[in-house]
Amino acid sequence: MKTLKYAVATSMLALALPASAQQLSIATGGTGGVYYPIGGGLAEMINNHIEGAQATAEVTGASVENMGLIMRGDADLATALADTVYQAYTGTGDFEGRQVENIRALASLYPNAVQLVVLAESDIQSIEDLAGKRVSVGAPGSGTELNVNALLESNGISYDDFEPQRLNFNETADAIRDGDIDAGFWSVGPPTSSIMNLAATRDIRLIGLSDEEIANAQEEEAVFAPYELAADLYDGMDEAVQTIGIPNVLVVNSDMDEELAYQLTELLFEHTDELIAVHPAANDTTVEFTMESTPVPLHPGAVRYFEETGVEIPDRLRP
């Protein structure tokens, strides 16, 4: 992975940080997705702008695993898909019987897009054509697998219909390139490095979803929304592809110090340009996106920041 370069404004004043929170762990995902560079960018911002703080981005299995890390206090911040966050908070879906009530949000960062990739010469033209194929459905404990489950089951497709492989993003790209699998799913902010690297070495296609397939998926998961992958997003991608998008949420434990949560929220929204310099997905990191897309209540520190900046906060986001 290319070395990340961060644009840091040297004229900005450092923020005060409680001594008890000097070492912060940010749970992200695999190195081939967007969570890791976004988490690394946020860590660098914290290190440069919050006096006395040292933050580190940690490689994890992504969304589902990250909920457990936040619940147990093994991570201070985490990125996760909105459907995973909502299921964890409400104890529904994959979190039935293991509710994570102490999750709070600081922001919604950007939308993921479900991306189904095959080699250009593949005979797969739709999700129905996955029958009998070897398909990566995402790493164990990842939001990708949750999204794939919801998408496929809502359209009458189960794991019994194909050979599921639970691979992370880089492993999926390598397996497609080497012919070890026929197709792979990503649920990630586009463009993502692992697909870009695959497209640089092999001709690929992205498989779109029909209006009916999207509508079926939305009935299964209310956080799903139609999303268009732009033409030329990856090498050889000549036409736009229709799929579904899911917001990504930056979450913390409800026990986080209110002042720290306030300062982290302030840092995120007043220095967003530095995160955009790390990855273009952060262009969607806006206050408006947070108010529209966040599926669980905000941390009181985040609420205080938004109130001080005159933002109208929906009742559902108040703790």
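Modeller: Pro191 sits in the loop that runs between strand S7 (183-188) and helix H6 (193-201). This is a predicted model, and in it the peptide bond that joins Pro190 and Pro191 is cis, with an omega of about -5°.

On the H5 side the meeting residues are Phe169, Asn170, Ala173, Ile176 and Arg177, and on the H6 side they are Ser194, Leu198 and Thr201.

Other loops hold backbone features of another kind. Ala62 is not a glycine, yet it has a positive phi of about 80°. Its place is the loop between strand S2 (54-58) and helix H2 (63-72). With a relative accessible area of 12%, Ala62 is buried, because buried means under 20%. Asp232, also not a glycine, has a positive phi of about 70°, and it lies in the loop between strand S9 (225-229) and strand S10 (241-253). Asp232 has a relative accessible area of 61% and is therefore exposed, the cut-off being over 50%.

The loop between S9 and S10 also contains Ala240. Ala240 is partly exposed, at a relative accessible area of 40%. Leaving out residues up to four places away in sequence, Ala240 touches Glu228, Leu229, Ala230 and Ala231. Ala240 and Leu260 are 20 residues apart along the chain, and 42 Å separates their C-alpha atoms. For another pair, Ala131 and Tyr159, the distance along the chain is 28 residues and the C-alpha distance is 9.2 Å. Ala131 belongs to the loop between S4 and strand S5 (134-136) and is partly exposed, with a relative accessible area of 48%.

The largest nonpolar core has 103 residues. The residues with the most contacts inside this core are Ile46, Leu77, Leu130, Phe185, Leu264 and Leu298. Strand S4 (residues 103-119) supplies the largest share of the core, 12 residues. For Leu264, neighbours within four places in sequence set aside, the contacts are Leu24, Ile46, Ile50, Leu77, Leu106 and Met256.

Leu264 is also one of the H8 residues that meet helix H1: Met45, Ile46 and His49 in H1 come up against Leu264, Leu267 and Leu268 in H8. Helix H1 (residues 35-49) and H8 pack at an angle of about 110° with their axes 11 Å apart, and so H1 is roughly perpendicular to H8. Leu268 is found in helix H8 and is buried, with a relative accessible area of 2%. Beyond residues up to four places away in sequence, Leu268 touches Met45, Ala107, Leu109, Leu250, Leu275 and Thr285. Leu268 and Leu109 are 159 residues apart in sequence, but 9.5 Å apart in space, C-alpha to C-alpha.

Helix H8 (residues 258-270) has another partner in helix H11 (residues 300-308); their axes come within 7 Å and cross at roughly 50°. H8 and H11 are therefore oblique to each other. The contact involves Glu258, Glu259, Ala261, Tyr262, Thr265, Glu266, Phe269 and Glu270 of H8, together with Pro300, Gly301, Ala302, Arg304, Tyr305, Phe306 and Glu308 of H11. The crossing in which H8 passes H11 is right-handed.

Last, the confidence of the prediction. The protein chain averages a pLDDT of 91, and 93% of the residues score at least 70. Over residues 1-19, however, pLDDT stays under 50. The model does have 38 contacts beyond four places in sequence for residues 1-19. Where pLDDT is low, predicted coordinates should not be read in detail.

Notes. Residues are numbered from 1 along each chain as its sequence is written. This is a predicted model: local features need pLDDT of at least 70, side-chain atom pairs count only at pLDDT 80 or more; totals for chains, interfaces and linings use all residues. Side-chain values use heavy atoms; hydrogens and water are left out. A nonpolar core is a set of buried Ala, Val, Leu, Ile, Met, Phe, Trp, Tyr and Cys residues joined through side-chain atoms within 4.5 Å. Buried means under 20% relative accessible area, exposed over 50%, partly exposed in between (1.4 Å probe, protein chains only). Helices (H or I, at least four residues) and strands (E, at least two) are DSSP runs, numbered from the N terminus. Contact means heavy atoms within 4.5 Å. pLDDT is the predictor's confidence in each residue, from 0 to 100. Axes are lines fitted to C-alpha atoms, for helices over the stretch in contact, and angles run from 0 to 180 degrees between N-to-C directions. Angles under 35 degrees count as roughly parallel, over 145 as roughly antiparallel, 65 to 115 as roughly perpendicular and the rest as oblique. A crossing is left-handed if the near helix is turned anticlockwise from the far one by less than a right angle, and right-handed if clockwise.
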